[in-house]
Amino acid sequence: MISINNSKKNSSMQGKTGRHLELKLILMTGVYMMTGMLLLHLGAAGSPEPRALLIGLATVAAFLLVSFYWSLTGYHGDCLLLPITALLCSTGLVFLFRLDPAYAVRQFVWLLAGLVALVLTTRQFVNFRFLSDYKYIYALVGLIALVLPVFFGSEQGGAKSWLDLGLFSLQPSEFVKILVVLFLASFLIENKAVLSAGTRNLGCLSLPGPQEWGPLAVMWGISLLLLVFQKDLGAALIYFSTFLTMVYVATSRIFYVLFGLGLFIAGAGVCFYLFDHVRSRVETWLNPWQYIENTGYQVSQSLFAINSGGILGTGFGQGYPEYIPAVHTDFIFSAICEEMGLLGGTGIIILFMIYVFRGIKIALKTKDEFAALAASGLTALLAIQAFIIISGVTKLLPLTGITLPYISYGGSSLVANFILLGFLLNISHEAYIDI
Amino acid sequence: MKQNILKLGYLLLGLLLVLVIYLSYLQVIKGSDLAANPYNRRLQELENLIIRGNIYDTGGIALARTDLNSGKGRRVYPGGKNTPHVIGYVSSKYGRAGLESAYDRYLLGMEGVDRVRNYINKLLGREQKGGDLILTIDFALQQQAMELLGGRRGAVVLMDIRTGALRVMASSPGYDPNKLEEIWQNLVQMEDLPLFNRAAQGAYPPGSAFKVVTAAGALGASPGYATATFNCPGFLIVDGFKLTDLSAHGQLDLRKALAVSCNTTFAQLGLKLGPDGLYRTFKAFGLDQDPTVGIPVRPGTIADPGEMTSTELASSAIGQGELLVSPLHMALVAAAIANQGVIMRPHLVNSVRDSTGATVQQAVYRPWLTAATSRTSETIKAGMIDAVHYGTARAAAFSGVQVAGKTGSAQNPHGQTHAWFIGLAPVETARLAVAVILENAGSGGAVAAPIAGKLLAAAVAKGY
């Protein structure tokens, strides 16, 4: 009796009252965004921007609508993730308006597409488990999607990872990363016993057979493929580190991680000597000031912007983030740091931390290992992406051109990350509803 | 597996936390060198919006000011060729240097109350103004020092030993910062490096002027040397190398050895002091530090005591070998002797005012280092008095002021010896310390000493 009572209470927490909290938080996000939009409307970024208020209101309404739809359908997904995402998205939208309104309008359209994708994910894939049965099919689809740009792709910002579809271009690697996590989750769980214990002994190490580690080697190959043929260093780095973290979580064997890191370092070393674009990235990272007139220009301008922010920032619209090339995509974090200061920049990082916290919590609440591994993989994917790009623009690590999730301009990235959010929510939905 | 997921969570949160810490470093701790980078156009933007504050000498003579011409500011340097190394310049093309660069944030009103005031002014569309600097430099003396250097390669530093106020910091040849944009290409190609601040950034062997430091070290180690007698046969053999002297000085005490600048005596003292002892003395005088006067000073360098051979030690003791110091450092050596062993913190900026004229920073006079005891410094001072009285520095004697000093003629790979003089005045109640160097100009006694004497006489006549 008691346990039933408890579960009812718990599920209602996540259900109706959870959605209620979600609505409230989104409304507060709306106040935050509308403050920015009002400033833009008044001309904080030069000329007054008449579309800002309208697009701001429409964005809040769209997020509210999603939450409202969930409460109607009795969806039990986590109630904090959507408001966090809304905060990140609205910061991105406000800053895009401040930097270049044309990008902001396009981003708004992509945002709506992302929300539609989110709703569809939480509708169609609410029983995400069936995906596990088709894992080799979508692994193949993903692989083809990744390879396509090698032959038909167009190059943007140095990386040849785009498919030009006429009206807009798409970056398949953004979507494939979700497939990779789902594939790895089911594959690793299926072969967990063998991978953890090994079937044959090699000295003091027990290793699994080739049929078990074969697909993993393919994963490693894919990362290198991305790196070499598409010059997409960022995506390669994200794939590879997510892959390693998931292997560790599934098998508890630090050996795989060390081995993978060794392979990665070896591969990176070879690439450093073989490929000019890799070498120039590393050299620019080590000493951007020496290359300040060409390859080091962007990151040094980013450092100037961040440094000029101080604790409180120059104030919205008062800085000069437009000195950084590509500030609207990869370098939007530097713009935030310049105008909102250390507090603003830290705020964004803390939002990602809460996102991680909720993601890990979801992974811990699941009942079976596939869901747990998928949830932790998706969380790791997002956090690693945020970490890599922020450390890139602050020169903590070499710069790799990827987006800051939910904030940077970029349609593929935005929609893909909404789908990622959808899967995380589905996993939490299942966990909470069954308690 | 739950354990692993938890570990993953900590790892991810840890990574993000690293970002927060690094960001704090970038935005709060990392200094203004990024802001002053010539590729950073932010300061230039501010420059166009804010009326840059003025820089005055100790008597209120403008050395840098902004002239308003129909709303647009133009930077003018009335000091012209006499002050460019101290004041520096601001150029959209060639960056910034000197105090203009070091005190940018004050001159542009980006610190303290001015920052808030200018933010409000900006929002209201009103004029934004920066603060002013009042220096310790005396423009008339600075001008005289530059005249005495007469365009030759060299430097002069004059300091008030009681306060640490730098009255003269002259580096020659100078250049006119008012015409920087036109003459830059020429300046960077000229062989005598006019852009180079020799007074603060120069790295010279100090020659015999360094014997003051060696003497201080030896006396500190065993005060008995004050009354000991040394023998100078005119040479000294160290490790098979023969170190020759100017002449065979015969039997002499430390005081006379300073006066006649006896190499043999000081090489011997150096050997007795040992590498560690000499290195400690070098540090005691702050020669290995940038004393942070307001603009960057090159810290002096000496051979690593762990690897110092006997010949290197003997050469270093007489200011040769690998030993390199700046003229400012040598002025501080003279100041220590003049002030009973205590070096007051040297500084160039007396006060900083904000845009309303309120003082926001005032130089505090405080001891920087105690280099020697007062007994040691009195003994050395006696030797320096004798040097001017009957020794190598006779040319420093000028009517109206009693000077004590030590010459140096530093051998170097570039030709004739560098002419050095370090000194203090007036002898009874010393108030001023001076260092003069002229590159490849001959002997210190003949070339540098008279310049120091004239300048000290002028300074004392002005009441310093």
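This is a predicted model: local features need pLDDT of at least 70, side-chain atom pairs count only at pLDDT 80 or more; totals for chains, interfaces and linings use all residues.

Student: OK, how many residues does the contact take from chain A and from chain B?

Tutor: Chain A brings 57 residues to the contact, and chain B brings 37 residues. Between them the two chains bury about 4,200 Å², and 70% of that area is on carbon and sulfur atoms. On the side of chain A, the residues that lose the most area to chain B are Phe304(A), Asn307(A) and Tyr323(A), which together make up 16% of what that side buries.

Student: And how many salt bridges are there across the interface of chain A and chain B?

Tutor: The rule finds one salt bridge across that interface. Its partners are the side chains of Arg42(B) and Glu338(A), with N to O at 2.9 Å. Polar contacts are counted separately, and across the interface of chain A and chain B there are 16 residue pairs of that kind, with both residues at pLDDT 80 or more.

Student: Which helices of chain A supply residues to the side that touches chain B?

Tutor: At least two residues each come from helix H10 (233-251), helix H13 (297-309), helix H14 (332-365) and helix H15 (369-393) of chain A. H14(A) gives the most to that side, with 15 residues. If you sort the residues of the side of chain A that touches chain B by kind, you get 33 nonpolar, 19 polar and five charged.

Student: Switching topic: what domains does the assignment give for chain A?

Tutor: The assignment gives domain 1, made of 2-124 + 278-434, and domain 2, which covers 132-274. Where these domains of chain A touch, domain 1 contributes 30 residues and domain 2 contributes 33 residues. The area buried between domain 1 and domain 2 of chain A is about 2,700 Å², with carbon and sulfur atoms giving 77% of it. Phe370(A), Leu373(A) and Leu381(A) supply 23% of the area that domain 1 buries against domain 2, more than any other three residues.

Student: How many salt bridges and polar contacts are there between domain 1 and domain 2 of chain A?

Tutor: The count of salt bridges between domain 1 and domain 2 of chain A is zero, while five residue pairs are in polar contact, with both residues at pLDDT 80 or more. On the side of domain 1 of chain A that touches domain 2, helix H5 (101-124), helix H12 (276-286), H15 and helix H16 (411-434) each supply at least two residues. H15(A) gives the most to that side, with 12 residues.

Student: How many salt bridges does the structure hold over all chains?

Tutor: Over all chains the structure holds 25 salt bridges. One of them joins Glu339(A) and Arg98(A), whose closest N and O atoms are 2.8 Å apart. This pair links distant parts of the chain, since Glu339(A) is in helix H14 and Arg98(A) is in helix H4 (residues 81-99), 241 residues apart.

Student: Now the strands. What is the order of the six strands in the open sheet of chain B?

Tutor: The order is S4-S3-S2-S8-S16-S17, with mixed pairing. Strand S4 (72-76) and strand S17 (359-362) of chain B are the edge strands, each pairing on one side only. Within the sheet, strand S2 (residues 55-56) and strand S3 (residues 62-69) of chain B pair in the antiparallel sense over two bridges, and Tyr56(B) has Ala62(B) in S3(B) as its bridge partner.

Student: And how do S12 and S13 of chain B pair?

Tutor: Strand S12 (residues 235-238) and strand S13 (residues 241-244) of chain B are antiparallel, with four bridges. Phe235(B) has Thr244(B) in S13(B) as its bridge partner. The hairpin of S12(B) and S13(B) has two residues between the strands, and Asp239(B) in that hairpin takes a positive phi near 50°.

Student: Which peptide bonds in chain B are cis, then?

Tutor: Among them are the bond from Ser172(B) to Pro173(B), with omega near 0°, and the bond joining Ala425(B) and Pro426(B), with omega about -15°. Pro173(B) is in the loop between strand S10 (166-172) and helix H8 (180-189) of chain B, whereas Pro426(B) is in the loop between strand S20 (415-425) and strand S21 (432-438) of chain B.

Notes. Residues are numbered from 1 along each chain as its sequence is written. Chains are lettered from A and ligands numbered from 1 in the order in which they are written. Side-chain values use heavy atoms; hydrogens and water are left out. Contact means heavy atoms within 4.5 Å. Buried area is the accessible area (1.4 Å probe) that two parts lose on being put together, summed over both. A salt bridge is a side-chain nitrogen of Lys or Arg within 4 Å of a carboxyl oxygen of Asp or Glu. A polar contact is a pair of N or O atoms within 3.5 Å; within protein, one must be able to donate a hydrogen and the other to accept it, and residues adjacent in sequence count only if both atoms are side-chain atoms. Ala, Val, Leu, Ile, Met, Phe, Trp, Tyr, Cys and Pro count as nonpolar, Asp, Glu, Lys and Arg as charged, and the others, Gly among them, as polar. Two strands pair if DSSP finds at least two bridges between them. Domain bounds come from an automatic or database domain assignment.
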